[in-house]
Amino acid sequence: MLNTKRSRVRAAAGVGMAAVVATIGAVTFNASAAEQAAVAPAAVGPDARAVSIPGIPAAIKPPKGSKPIGAYIVASGTQTYTCSAAGKYEGASTPEAQLIGTGGRVHHFGGPSWQSLRDGSKVTAKKEAESPRAGTIPELLLKVDTTTGGGVLGKSTYISRLLTSGGTAPTVPCTAGQTKAVKYGAVYVFWKN
């Protein structure tokens, strides 16, 4: 009998709440811009995976008002360095990585470029700011400079490279022109401003 009373009370409460929502509308949480930036978008599609957005250093935060539209983790990736005439691996590296995240799978390659394997949308970007991390490649804020297609990446205006691991240039002697691929990991977040 007690369970029957509880069931009726819960049912009445549910009806009461539905009436309140119908009368005044649903209440939404008004998060600050910083709180909104930390909320990862939902994973959509059978090839998608939820990815949390890690903390972002102040030096590389996207502009105020930016909203995350995709978050991806490096499933496998390398940074490739070319040996200079001085016999050292130095200068810019070329990425080659497979990412998986909220919009499915993305190929990251030289340019730097990112292309959705789901819908073909593609972006290229240039470094805007960096934040060093000991023993690994730096975290970055990149500004999108070209877009192709309107799919999962097409609305991006900024990209964050966060929570980096590995990927630093080898320190061993080398022959000019020789290349060396170094494994790395990171979380990429695509933003719309």
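In this predicted model, Ser-160 sits in strand E7, which covers residues 158-166. Is Ser-160 buried or exposed? Its relative accessible area is 0%, and because buried means under 20%, Ser-160 counts as buried. The side chain of Ser-160 is joined to that of Trp-191 by a polar contact of 2.8 Å. Beyond its neighbours within four places in sequence, Ser-160 also touches several other residues: besides Trp-191, the contacts are Pro-62, Leu-140, Leu-141, Val-187, Tyr-188 and Val-189.

Leu-140 is among the residues that lie nearest the centre of the largest pocket, together with Gln-79, Ala-92, Ser-93 and Arg-161. In general, rolling a probe the size of a water molecule over the atoms shows where empty space is left. The largest pocket has a volume of about 380 Å³, and 20 residues line it. Two or more lining residues come from each of strand E1 (67-82), strand E5 (122-133) and strand E6 (136-148). By kind, the lining holds eleven nonpolar, five polar and four charged residues.

Stepping back to the whole protein chain, there are two helices and eight strands. Read from the N terminus, their order is α-α-β-β-β-β-β-β-β-β. Of the 193 residues in the chain, 37% are buried. When contacts between residues at least 6 apart in sequence are considered, 60% of them join residues at least 24 apart. Finally, the accessible surface of the chain comes to about 10700 Å², and carbon and sulfur atoms account for 58% of that surface.

Terms used: Residues are numbered from 1 along each chain as its sequence is written. This is a predicted model: local features need pLDDT of at least 70, side-chain atom pairs count only at pLDDT 80 or more; totals for chains, interfaces and linings use all residues. Side-chain values use heavy atoms; hydrogens and water are left out. On a 1 Å grid over the protein atoms alone, a cavity is a set of points where a 1.4 Å probe fits but cannot get out, and a pocket is an open set with protein on both sides within 12 Å along at least five of seven lines; lining residues have an atom within 4 Å of a point. Grid points are joined across faces, edges and corners, and a volume is the space filled by probe spheres set on the points. Helices (H or I, at least four residues) and strands (E, at least two) are DSSP runs, numbered from the N terminus. Ala, Val, Leu, Ile, Met, Phe, Trp, Tyr, Cys and Pro count as nonpolar, Asp, Glu, Lys and Arg as charged, and the others, Gly among them, as polar. Buried means under 20% relative accessible area, exposed over 50%, partly exposed in between (1.4 Å probe, protein chains only). Contact means heavy atoms within 4.5 Å. Accessible areas come from the Shrake-Rupley method with a 1.4 Å probe; for residues, only the protein chains shown count as cover. A polar contact is a pair of N or O atoms within 3.5 Å; within protein, one must be able to donate a hydrogen and the other to accept it, and residues adjacent in sequence count only if both atoms are side-chain atoms.
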